[in-house]
Amino acid sequence: MRIGKARYLAPVAAMVLLASACATGDDSNQDDAREEQASLPGEDLNPADRDDLQDGGDFVWALSEYEQQHNMHHVNGNKGDVRRVIAAVMPSASRYDAEGGFAPNENYVLEYGVSEDGLEVDYTLNPDAVWSDGNPITWEDYEATVITRKGERDGDFEILSTVGYEWIDEVVQGDDEYSFTLKMNEPFGEWPTLFSPVYPKEYMEDEELFAEGYDKDIPVTAGPFGDVEFDDVASRITVHKNEDWWGEEAKLDRIIFSALDTSAQAGAFANGEVDGFYLGYDAAGYERVKDMDDTYFTRAVNHGHRFTALNGSSPRLEDKRVRQAIALSMDRDTLANVALGAVDWPITGEVNRLLRSSQHGYQDNSGDLGDRDLERAAELLDEAGWTLEDGDEFRTNEDGETLTLAYVASEGMDLAVDEAEMAQQMLAEVNIEVDVQQVPANALFSEYVTPGNYEMVTYVLVGTSPYSSSTKGNYGMPLDEDGEDWGANNSKHSTQEISDLFDDLAVETDPDRYAEIANEIDALLWEEVVTIPLFERPGFYVLKDNLHNWGEYGLAADYVYEDIGWAKED
């Protein structure tokens with residue numbers, strides 16, 4: 001049974017808006033989209049000088065989830081919404097700009113640098129930096145991070161990944177408690193990515209504190225904001241201006257992170273309940289706010305991409321031929337058009353897992369697997385032993401098991417549900433059954449994605465620095481010898497070649513060779529179909545026009561929280 005493409009566009013709004021969107025199959029339209037994408041700036045923060053901002057005020061910031069685990073080194077803390085909160089209240093060693101340049105974050109690190117042979121990295125810490133409990137931030141906090149992230153602690157530490165830290169042999173104290181040197185066993189070209197963030201040493205050293213200390217709590221802070229309050233009833237996290245902050249004084253009194261379903265954020269903004277939110281590709285939200293007065297819309301390159309992840313540990317997806325058949329059955333053009341055409345964003349048909357369109361060497365590496373080919377998909381499924389018997393609607397194997405895939409989607413995000421239902425119809429064309437399961441947003445990762453209780457899911461990865469080797473955690477081999485601890489790799493599949501290339505990327509300093517390796521990795525990830533990239537995420541935020549230094553930060557990866565504020569009144 002074949003289902004025509006129009007059937008995929010189940011949401012009425014999507015059907016209407018798609019009609020006016022450019023078709024990605026038209027080369028001239030694709031060229032126009034690439035040209036528009038190339039013209040996008042690296043960031044768009046509605047900038048203003050600190051002198052032009054008022055002192056005080058609250059900023060209500062919409063997040064999509066009310067997160068629990070706020071230890072970002074823990075496997076369950078690897079979330080964009082967690083980072084937005086933690087970056088306001090915890091130390092990080094580096095600060096980036098929109099072009100990908102880096103410098104020490106002098107609030108915490110006065111100086112740092114690497115030796116010519118790349119085997120030593122020196123740090124001089126800011127002696128004014130203190131934890132909210134009054135203890136100084138010393139080299140021992142950094143050392144504790146290294147030991148834990150290397151996986152060298154006794155006990156059950158569910159670490160995110162070992163990337164970067166695995167290159168460190170030891171941490172050697174300098175002349176005092178505010179200096180130290182990393183002794184590397186190999187040069188690590190992306191050393192500025194280390195120590196983002198840093199937690200007090202006791203929360204890295206103790207197994208229970210590592211798992212539970214920052215779970216629905218942020219007990220010790222050291223940022224321009226602190227004194228964190230969790231409100232389970234309102235699903236809000238509030239951070240207060242740190243009156244003991246040693247850096248530039250925060251302009252705001254409070255930032256209130258309000259967790260709302262994605263589909264509800266535009267309405268909350270229109271009603272004055274939130275002051276800013278990430279619009280992205282919310283078609284209904286765009287229609288709600290696009291004509292509002294006193295509103296600022298950002299338009300820049302975002303440091304993330306949207307994709308469908310396949311659980312390679314599932315018995316139904318262990319065979320690469322099945323995963324490739326799924327990729328060949330997915331109509332990526334339609335999925336991108338439904339998401340991006342609805343919000344007037346350039347649709348290029350291209351995406352790269354490791355490099356953004358604003359970065360050197362960016363290219364699409366999808367090859368044949370990026371184009372829809374139902375005939376080849378059916379052949380691969382037959383070869384893999386999933387055949388279609390006469391009179392059956394779906395494929396079965398020699399044991400009579402039906403090829404049924406559990407596709408989980410956040411019930412609070414309309415696009416995610418639409419994507420799942422469209423994929424259900426697309427895969428039905430090659431006689432794969434898809435069971436769409438709508439699950440609570442705050443349970444999607446903790447109960448389904450991270451533990452591997454799914455076969456398909458669509459979500460976003462957002463970069464935490466301009467570098468790419470740290471994404472080894474998302475795509476590399478297991479962290480343990482038994483091959484059971486996949487860390488941040490939610491697809492639970494990789495190859496040794498992919499992991500080894502990530503290691504090569506980590507030590508490469510030549511930008512041309514770096515881009516070449518990154519593209520080699522991306523091509524292999526396509527071949528293995530670890531994920532199916534859909535499109536580069538739009539840098540499309542909506543905020544009140546008198547709110548400044550907030551919006552799309554691109555490769556900078558974070559905000560300067562103390563500079564966010566409201567314009568002075570005339």
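1. Helix 6 (residues 207-212) is the top contributor to the negative patch, giving three residues. Helices here are DSSP runs of H or I with at least four residues, strands are E runs of at least two, and both are numbered from the N terminus. Bear in mind that this is a predicted model, where local features need pLDDT of at least 70, side-chain atom pairs count only at pLDDT 80 or more, and totals for chains, interfaces and linings use all residues. Residues are numbered from 1 along each chain as its sequence is written, and side-chain values use heavy atoms, leaving out hydrogens and water.

2. The patch sits on the surface, and among its members are Asp156, Glu158, Glu205, Asp206, Glu481 and Asp482. To be in a patch, residues need over 30% relative accessible area and no salt bridge, with like charges joined within 9 Å. A salt bridge means a side-chain nitrogen of Lys or Arg within 4 Å of a carboxyl oxygen of Asp or Glu.

3. Have a look at Asp482, in the loop between helix 14 (472-475) and helix 15 (496-507). Asp482 is exposed, at 63% relative accessible area. (Exposed is over 50%, buried under 20%, partly exposed in between, with a 1.4 Å probe and protein chains only.)

4. Strand 9 (residues 236-241) is another story: five of its six residues are buried. Strand 9 pairs antiparallel with strand 8 (residues 225-231) over five bridges; pairing takes at least two DSSP bridges. Phe230 faces Ile237 across that pair.

5. Four residues separate strands 8 and 9 in a hairpin, and Ser235 in the turn has a positive phi of about 55 degrees.

6. Strand 9 also runs antiparallel to strand 10 (residues 254-259), joined by five bridges, with Arg236 opposite Ser258.

Notes:
Patches are made of residues with over 30% relative accessible area and no salt bridge: like charges are joined within 9 Å, nonpolar side chains (Val, Leu, Ile, Met, Phe, Trp, Tyr) within 5 Å. Accessible areas come from the Shrake-Rupley method with a 1.4 Å probe; for residues, only the protein chains shown count as cover. Lys and Arg count as positive and Asp and Glu as negative; His and the chain ends are not counted. The place of a charge is taken as NZ of Lys, CZ of Arg, CG of Asp or CD of Glu.
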